[in-house]
Amino acid sequence: MTLLQLKYIVKIVECGSMNEASHELYVSQPALSSSVKELEKELGIEIFTRSSQGIALTVDGAEFLTYARQVLDQAALLEERYKNAKPRKQLCTVSTQHYMFAVEAFVEMINSIKSDEYEFTIRETRTRDIIDSVANMRSDVGIIYLSDFNKDVIGKLLREKHLEFHALFRAPLHVFLARTNPLATKKMVTMKDLKPFPFIQYEQGEDGSFYFAEEAVWPDYSPKQINVTDRATILNFIIGLNGYTVCTGIDNGDLNNEKICTVPLDSDETMLVGWITNERAKLSSAAENYLEKLKSVVSDHGYKLID
């Protein structure tokens, strides 16, 4: 087993395919595949499963990846100490539901980094994709919520994928409304109040279900419903179409406070927002830094953190 083989494994996981990894490593795909198979034979485990849809980490492979990354980190420290080599780029990838506070924390994390080189990624994406990304170790951290309605289904899926949920804060439900909406001045609104207005929700794809919805509650029947995939579109529709969506109530400068406001929703349901991690993975220092910034941002918005 060599450091080069460990680097191959890490790069394949980062790229998600043998073909793309071979291009980035400047190695032929047959040579890369052969090196992986030799390593699997030497260790007596299968690191990847191979199918017509591509490759995926096995349970043994996920555990091996954790150790491989630690060995490469230690090797980089040795090179930096004794060869005066450039340190490895700081890496951090976060997948999140469409929360502005998650992006706000990401900005603060980057601004706090004292490094000449880094590579950070944040993805606002579907709930199922967040879970899969953390399970496959393509993301260090995933930001999702649990509710009384979805906690059993989501919790079961997290356990099956060896993921851990860490509670961050609990939020009573709110709705985003245009300030021109006649409900915007109310101290609290009901789903019945909202019925005449377009209900806007984040689309969850063909595999999606109500259990994966980003909205903790939804109307029993909405004659006007719009599905979107990104946050900018949903905000434009709220303003342009007098629509609404269900949210935590946390806003920031991105909301354009002159045009959009949050109003409490009359509901017994709450959103338990938190982050998920892979129990087999050790968080990088950049990921740990991000979580600290996330806690700080949420606290600054007036929400009580859950220990």
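**Exercise 1. In which sense do strand β7 and β11 pair, and over how many bridges?**

*Solution.* Start with the ground rules. This is a predicted model, where local features need pLDDT of at least 70, side-chain atom pairs count only at pLDDT 80 or more, and totals for chains, interfaces and linings use all residues. Residues are numbered from 1 along each chain as its sequence is written, and side-chain values use heavy atoms, with hydrogens and water left out.

Next, the terms. Strands (E, at least two residues) and helices (H or I, at least four) are DSSP runs, numbered from the N terminus. Two strands pair if DSSP finds at least two bridges between them.

Now locate β7 at residues 174-178. It pairs with β11 in the antiparallel sense, over five bridges. Val175 stands opposite Val263 in β11.

**Exercise 2. Find the order of the strands in the open sheet, and its edge strands**.

*Solution.* Three strands form the sheet, in the order β10-β7-β11. The pairing is antiparallel. The edge strands, β10 (245-247) and β11 (260-264), each pair on one side only. On average, neighbouring strands are turned by 40° against each other, direction ignored.

α9 (residues 231-241) lies across β7, β10 and β11, with contact meaning heavy atoms within 4.5 Å. It runs at about 60° to β7. Axes are lines fitted to C-alpha atoms, for helices over the stretch in contact, and angles run from 0 to 180 degrees between N-to-C directions.

**Exercise 3. Classify the packing of α5 and α10**.

*Solution.* Take the angle first. Helix α5 (residues 100-112) and helix α10 (residues 285-300) pack at about 125°, with axes 8 Å apart. Compare the cut-offs: under 35 degrees is roughly parallel, over 145 roughly antiparallel, 65 to 115 roughly perpendicular, and the rest oblique. α5 and α10 are therefore oblique to each other.

Look at the contact next. Among its residues are Phe101, Phe106 and Met109 of α5 and Tyr290, Leu294 and Val297 of α10.

**Exercise 4. Classify the crossing of α2 and α3**.

*Solution.* Helix α2 covers residues 18-25 and helix α3 residues 29-43. Their axes come within 9 Å and cross at roughly 105°. The two helices are therefore roughly perpendicular to each other. Met18, Asn19, Ala21, Ser22 and Leu25 of α2 make the contact with Gln29, Leu32 and Ser33 of α3.

**Exercise 5. How much of residues 1-58 is helix, and how much is strand?**

*Solution.* The chain is 62% helix and 14% strand over this stretch. Its end C-alpha atoms are 19 Å apart.
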